[in-house]
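Have the structure open as you read.

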Amino acid sequence: MKITRKAYAKINLGLDVIGKRDDGYHLVKMIMQNVDIYDTLTFEDNAGGEITLKANSETIPTDGSNLICKVANQLKEEFGIKAGVNITLEKRIPVAAGMAGGSTDGAAAYLALNELWNLGLSKEELCKRAVKLGADIPYCIIGGTALSEGIGEELTVLKDAPEFYLVVAKPAIAVSTGWVYTELDSNVIEKHPDIDGIRKAIEDGDVRGMCDKIHNVLEPVTTGKYSVIKDIERVLEDNGAVRAFMTGSGPTVFAVYERKEDARKGYEAVKESGLAPELFLTKPINPGK
């Protein structure tokens, strides 16, 4: 049996940090949104019992440290699965980009192996297992537009985002999420996003109202070290974007456009600038529909 799944990237339509648990995990309140940028994973039975992973990039680990393999090993051990699986990953989502590239691959592994191994688990049951391996994986299992709270595992599915277009641009730098949160802890958060207002604007189909309320509390930390992020935002906003923002802990920037032709203009401007070698013209998506 062979199963192929698309694993979609995400952006944050607002990211707030509202506290910290005793175990060091940060408490967040954010709105997550899938975008039409995806990795492709193929899962095929391996009668010998081994778990193997091949990827189209030498920079991606293919041993047991990869989240995809961790998911397979977790389910194999819990359910006493004798069979193995051969997994192939075609990577398109930028790495270390704040777009949940690793988490969404892990989510695809949960969904595919649930089917391949006939485990019969609901998405909610998969999410309970997923949070043990990563706080973003439950969202990536559910997908679409969602309010994310707790450490990221408390999810409320929202109305689909209104139609808009996106330019997604990743500069040629890698940002450590751990470093960003450590720096955040030593600073006072001066501005918070209006997450409830963003949610209402989404429900009202108000793209500009949504953009007026979006903010990412991690952005001042990351842009304080990497000025290229603000440079990209300026190019996008100078070329028709309603607004441009950093997603996650960065360094990826996304810009919201109401018209596709304006988004194309922004895309071409960033391409010409050379500021972001990984560049996409895309849109929000709900993979479950």
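## Helix and strand packing

Helices α1 and α2 are roughly parallel to each other (an angle under 35 degrees; over 145 would be roughly antiparallel, 65 to 115 roughly perpendicular and the rest oblique). This is a predicted model, where local features need pLDDT of at least 70, side-chain atom pairs count only at pLDDT 80 or more, and totals for chains, interfaces and linings use all residues. Residues are numbered from 1 along each chain as its sequence is written, and side-chain values use heavy atoms, with hydrogens and water left out. Helices (H or I, at least four residues) and strands (E, at least two) are DSSP runs, numbered from the N terminus.

Here are the two helix pairs, with axes fitted to C-alpha atoms over the stretch in contact and angles running from 0 to 180 degrees between N-to-C directions:

| Helix pair | Axes | Angle |
|---|---|---|
| α1 (67–79) and α2 (101–116) | within 8 Å | roughly 30° |
| α2 and α3 (123–130) | 11 Å apart | about 125° |

In the α1 and α2 pair, the residues in contact (heavy atoms within 4.5 Å) include Leu67, Val71 and Leu75 of α1, and Ala109, Tyr110 and Leu113 of α2. By class, this contact has eight nonpolar, four polar and one charged residues, where Ala, Val, Leu, Ile, Met, Phe, Trp, Tyr, Cys and Pro count as nonpolar, Asp, Glu, Lys and Arg as charged, and the others, Gly among them, as polar.

Over at the other pair, Tyr110, Leu111 and Asn114 of α2 meet Lys123, Leu126, Arg129 and Ala130 of α3. The class tally there is four nonpolar, one polar and two charged residues.

Now for the strands. β3 (residues 51–55) and β4 (residues 84–90) pair in the parallel sense over five bridges; two strands pair if DSSP finds at least two bridges between them. Lys54 stands opposite Thr88 in β4.
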